[in-house]
Amino acid sequence: MTKLYFNGCSFTYGAGLNDPVNESWPSLVANHYQAKFKNHAVLGGSNDRTVKGVVTNIKNYDRFYVCWTYYSR
């Protein structure tokens, strides 16, 4: 089974949704492809944190989806 990795800030996390685990866009994409996934996004996440997460997990997942935040973060 394909394994997807998502990272970013609150938008990727699913802030403002009633059920971020099941309603966030990473969840919807993973369900569409019938894939396992990890949503490593956090509220207020920085781009540095996102890059570190991707580099750390590069061998563990088949595809990566990154939603960059503001440059100033």
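Buried means under 20% relative accessible area, exposed means over 50%, and partly exposed lies in between, with a 1.4 Å probe and protein chains only as cover. The model is predicted, so local features need pLDDT of at least 70 and side-chain atom pairs count only at pLDDT 80 or more, while totals for chains, interfaces and linings use all residues. Residues are numbered from 1 along each chain as its sequence is written, and side-chain values use heavy atoms, with hydrogens and water left out.

**View 1. The loop residue Gln34.** Gln34 sits in the loop between H3 and S2; helices (H or I, at least four residues) and strands (E, at least two) are DSSP runs, numbered from the N terminus. Its relative accessible area is 64%, so Gln34 is exposed. Most residues other than glycine have a negative phi. Gln34, although not a glycine, has a positive phi of about 50°.

**View 2. The three-stranded sheet.** The strands form an open sheet of 3 in the order S2-S1-S3, with parallel pairing; two strands pair if DSSP finds at least two bridges between them. Strand S2 (36-39) and strand S3 (63-67) are the edge strands, and each pairs on one side only. Neighbouring strands are turned by 15° against each other on average, direction ignored. The axes behind such angles are lines fitted to C-alpha atoms, for helices over the stretch in contact, and angles run from 0 to 180 degrees between N-to-C directions.

**View 3. Strand S1 and its partners.** Strand S1 (residues 3-8) runs parallel to S3 and is joined to it by 5 bridges. On this side, Tyr5 stands opposite Phe64 in S3. S1 and S2 also pair in the parallel sense, over 4 bridges, and Lys36 in S2 is the bridge partner of Lys3. Of the 6 residues of S1, 5 are buried, and the strand is mostly covered.

View 4. Strand S1 joins S3 through 5 bridges. Helix H3 (residues 25-33) packs on the sheet and touches S1, S2 and S3, its direction making about 165° with that of S1; contact means heavy atoms within 4.5 Å. Helix H4 (residues 47-57) also packs on the sheet, touching S1 and S3, and its direction makes about 160° with that of S1.

**View 5. Surroundings of Arg49.** Arg49 is found in helix H4. At 25% relative accessibility, Arg49 counts as partly exposed. Leaving aside neighbours within four places in sequence, Arg49 is in contact with Asn7, Gly8, His40, Ala41 and Val42. Between Arg49 and Val21 there are 28 residues of sequence separation and 20 Å in space, C-alpha to C-alpha.

**View 6. A nonpolar surface patch.** Val51, Val55, Val66 and Trp68 form a nonpolar patch on the surface, and together they have about 370 Å² of accessible area. Val51 lies in helix H4, and at 40% relative accessibility it counts as partly exposed. Patches are made of residues with over 30% relative accessible area and no salt bridge, with like charges joined within 9 Å and nonpolar side chains (Val, Leu, Ile, Met, Phe, Trp, Tyr) within 5 Å. A salt bridge is a side-chain nitrogen of Lys or Arg within 4 Å of a carboxyl oxygen of Asp or Glu. Accessible areas come from the Shrake-Rupley method.

How values were computed:
Accessible areas come from the Shrake-Rupley method with a 1.4 Å probe; for residues, only the protein chains shown count as cover.
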